[in-house]
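Please look at the model below with attention to how its chains meet. My notes follow as numbered points.

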There are 2 protein chains.
Amino acid sequence: MKSHAGRRAAVAGLEGLCPRRGLPLTVQRRAVLEALAARRDHPTADQLYEDVARRLPGISRATVYRALEVMVRAGVVRKVWYAGAATRFEVPERRHHHLVCVLCDAVVDLHQPALDRLPGPGRAARGFRVLDYSVQFMGVCAQCARSTKTPPRQSSGRQSHEGK
Amino acid sequence: MKSHAGRRAAVAGLEGLCPRRGLPLTVQRRAVLEALAARRDHPTADQLYEDVARRLPGISRATVYRALEVMVRAGVVRKVWYAGAATRFEVPERRHHHLVCVLCDAVVDLHQPALDRLPGPGRAARGFRVLDYSVQFMGVCAQCARSTKTPPRQSSGRQSHEGK
DNA sequence: TCCTAATTGCGATTTTATCTCAAATGCATA
DNA sequence: TATGCATTTGAGATAAAATCGCAATTAGGA
Ligand SMILES: [Zn+2]
Ligand SMILES: [Zn+2]
Ligand SMILES: [Zn+2]
Ligand SMILES: [Zn+2]
């Protein structure tokens, strides 16, 4: 779709950045969003930094990371493989799904029988052999909803109320 | 929760580690798997290292990471927030899902109308406000299925055939 | 028990993400 | 359009997470 969309095009969601006082729309943020919209894949923050730096030489890597963070919170962009700072593991037992808080990265299991027999990707995934699947619900957890202020996301200790 | 579960208990999937010649079952791997099985949450590799080191003083951090890697490949454990080395992003457009290769971490979009109106978590997720969801299919991509040998996972360049 | 392939430990290294704070900028207001 | 203040940026240091290389050790079949 629109291969060269994003040149100066109005990228969807941009207006969501400066709704009320407190989220200025800077050229850097615009550039990061346009760079992301211009790709069809799922780039990493560093790949986006490379892209943006091409048009905005001198931009700081930290700025790209920060721009992505505020945009994730604003709902303009999404983390695909919702990764915290570290990869998490589990022993695959009975099928279950996950609730992920987009503000604090808390992860909670969800058992929902209605989701246990979803149709597979079928012929849409030619060549891809499916081993398992699970549904990820992105949203805001109770604790974060309660604390209207800036969410607890200092440093790397992001599992503030994660069960442990 | 079985506080001392995993003491010497037969952890499910252990035998899957030494099926044919080539995957010795070491005390370290057993310890990592038992440590993981003993937790109800979704620990990070480093948290598991802490747990294991308590019973196996002197174990190397690298060993824990390697043990998790082989077990993921053997299907004994699963990466929860399927994270590669880096977090990926995308602009949330029309609803779609993802095919993730467990061997090379390739990520591909999947459009499947049948999955676009799944029932939400409902009352099972008290307090959690769902913003969006998507289904993750874990499996083996065509390229990896073709190359029966050790998958392409050298260094950080893990998006070998990821579309770009 | 012996032999060989595979794994481990250790430390160095790379990759990814975050922090600090002075200087620059967005933007509401006049 | 000019002014003022709160927010953001840049640069580099730092922290956190993951990986690498290689000699010594170990698992497991013969
Ligand atoms: Zn939360
Ligand atoms: Zn889970
Ligand atoms: Zn693959
Ligand atoms: Zn996608």
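1. Strand 2 (residues 89–90) of chain A and strand 1 of chain B run antiparallel and are joined by 2 bridges. Strands are DSSP runs (E, at least two residues), numbered from the N terminus, and two strands pair if DSSP finds at least two bridges between them. A:Glu90 stands opposite B:Arg78 of that strand 1.

2. This is a predicted model: local features need pLDDT of at least 70 and side-chain atom pairs pLDDT 80 or more, while totals for chains, interfaces and linings use all residues. Residues are numbered from 1 along each chain as its sequence is written, chains are lettered from A in the order written, and side-chain values use heavy atoms, without hydrogens and water.

3. B:Arg78 also forms a salt bridge with A:Asp132, with the closest N and O atoms 2.5 Å apart. The count between the two chains is 2 salt bridges (side-chain nitrogen of Lys or Arg within 4 Å of a carboxyl oxygen of Asp or Glu).

4. Chain B and chain A bury about 6300 Å² between them, 62% of it on carbon and sulfur atoms (accessible area lost on being put together, 1.4 Å probe, summed over both). In chain B, the most area is lost by B:Arg78, B:Trp81 and B:Phe89, together 16% of what that side buries.

5. Chain B can be laid on chain A with an RMSD of 0.1 Å by a turn of 180° and a shift of 0.0 Å along the axis (least squares on C-alpha atoms of residues with pLDDT of at least 70 in both). The two copies are thus related as by a two-fold rotation axis.

How values were computed: Buried area = accessible area lost by both parts, 1.4 Å probe. Helix = DSSP H or I, 4+ residues; strand = E, 2+ residues; numbered from the N terminus.
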